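Hi everyone, thanks for making time this morning. Let me put the structure on the screen, and then I'll walk you through a few spots in it.

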Amino acid sequence: MDEELEQIEKNNTWELVHRPKDKNVIGTKWIFKNKLNENGEVIRNKARLVYKGYAQQEGIDFEETFSPIARLEAIRMFLALSSFQKFKVFQMDVKSAFLNGDLEEVYIEQPDDFILGNDPNLVCKLKKALYGIKQAPRSWYYRLDKYLHQQGFSKGSADSNLYIKIENDKLLILVVYLDDIIFGSNEEAMSQNFALVMQKEFEMSFLGELTYFLGLQIQQNEGGIFLYQTKYLKQTLKKYGMEDSKPVCTPMVTGCSLNAKMNQQ
């Protein structure tokens with residue numbers, strides 16, 4: 001919880017003010033969860049301060065809420081292209097993505113169990129978006145989109161969350177899915193430089209080579225990029241009590257022969 005409030009203050013998310021008489025002041029709550037890796041192991045404990053967005057009134061507290069996210073088809077296309085072009089794909093995670101979006105006039109109560117400014121009667125006037133605010137995803141998307149364009153990226157025609165940057169013969173492609181960014185380049189130094197630039201602008205964690213994304217387990221080697229879903233299959237078997245079931249071969253056409261040449265066709 002202290003780490004979350006530290007991130008909020010570092011982002012200059014709010015300022016303490018006296019309670020306004022003509023504005024809604026909406027409460028917050030704490031959400032706790034664990035972030036898992038592809039093996040189901042806990043790699044990070046998270047405490048998230050969340051705005052009670054259900055108390056917002058459309059037309060009074062917010063207007064637009066929709067934020068585009070990358071389609072699974074675009075992600076698969078990016079991974080297929082990266083495999084063909086021998087890109088090494090990396091992943092970054094924005095620590096507090098929605099805290100980076102600019103926001104209109106919104107007021108919230110002080111977080112539970114904390115007294116800010118030594119005065120419990122003050123309220124927080126938001127300067128930037130907070131998780132749970134209905135317009136927060138859209139605010140974050142516009143902030144990130146604007147910054148990427150400033151860095152020389154252009155949107156791909158296949159998906160509004162796929163961005164491309166070309167410098168001479170060097171190519172960098174990235175895909176944004178809310179607070180996760182995956183990217184690759186034909187020049188690894190270009191990828192490393194991009195990661196450093198993003199970490200200077202936003203509070204981000206560089207997670208290294210992509211191994212797990214949206215339920216897809218990903219293996220990168222000299223032969224290409226391979227996708228598999230062993231974790232998902234095991235979870236499905238466990239859900240239906242079939243972990244100890246006897247395995248059988250998958251029926252195929254008699255005499256079917258698969259080889260590299262057929263796969264290319």
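**Salt bridges, buried spots and a patch**

Let's start with Lys88, which counts as partly exposed because its relative accessibility is 31%. Please keep in mind throughout that this is a predicted model.

What does Lys88 pair with? Its salt-bridge partner is Glu209, with 3.5 Å between the closest N and O atoms. Lys88 sits in strand S5 and Glu209 in strand S12, residues 204-209, so this pair links parts that lie 121 residues apart in sequence. Glu209 is partly exposed too, at 37% relative accessibility. There is also a network here: through salt bridges with shared partners, Lys88, Glu188 and Glu209 are joined into one.

Now look at Val89, also in strand S5, which covers residues 88-94. Buried or exposed? Val89 has 0% relative accessibility, so it counts as buried. Leaving aside residues up to four places away in sequence, its contacts include Phe78, Leu79, Ile182, Phe183, Leu210 and Ile225. Glu209, the partner of Lys88, is also among the residues that Val89 touches. And Ser191, 102 residues away along the chain, has its C-alpha 8.7 Å from that of Val89.

Back to charges, with 8 salt bridges counted in total. One of them joins the side chains of Arg48 and Glu4, at 3.4 Å from N to O. Arg48 belongs to strand S4 (residues 42-51) and Glu4 to helix H1 (residues 2-10), so the bridge ties together parts 44 residues apart in sequence. Both ends are covered: Arg48 counts as buried at 12% relative accessibility, and Glu4 counts as buried at 6%.

Another salt bridge pairs Arg143 with Glu201, at 2.8 Å from N to O. Here helix H3 holds Arg143 and helix H4 (residues 188-201) holds Glu201, so parts 58 residues apart in sequence are tied together. Glu201 is partly exposed, with a relative accessible area of 31%.

Ala129 is buried, at 0% relative accessible area.

Last stop, the surface. Which residues make the nonpolar patch of about 310 Å²? They are Leu237, Tyr240 and Met242. Met242 is found in the loop between helix H5 (230-239) and helix H6 (260-264), and is partly exposed at 41% relative accessible area.

That's my tour, and I'm happy to take questions.

Conventions: Residues numbered from 1 in each chain as written. Predicted model: local features only at pLDDT ≥ 70, side-chain atom pairs only at ≥ 80, totals over all residues. Heavy atoms only, no water. Patch = residues over 30% accessible without salt bridge, like charges linked within 9 Å, V, L, I, M, F, W, Y side chains within 5 Å. Areas by Shrake-Rupley, 256 points an atom, 1.4 Å probe, with all protein chains shown as cover. Salt bridge = Lys/Arg side-chain N within 4 Å of Asp/Glu carboxyl O. Helix = DSSP H or I, 4+ residues; strand = E, 2+ residues; numbered from the N terminus. Buried < 20%, exposed > 50% of the residue type's maximum accessible area, 1.4 Å probe, protein only. Contact = heavy atoms within 4.5 Å.
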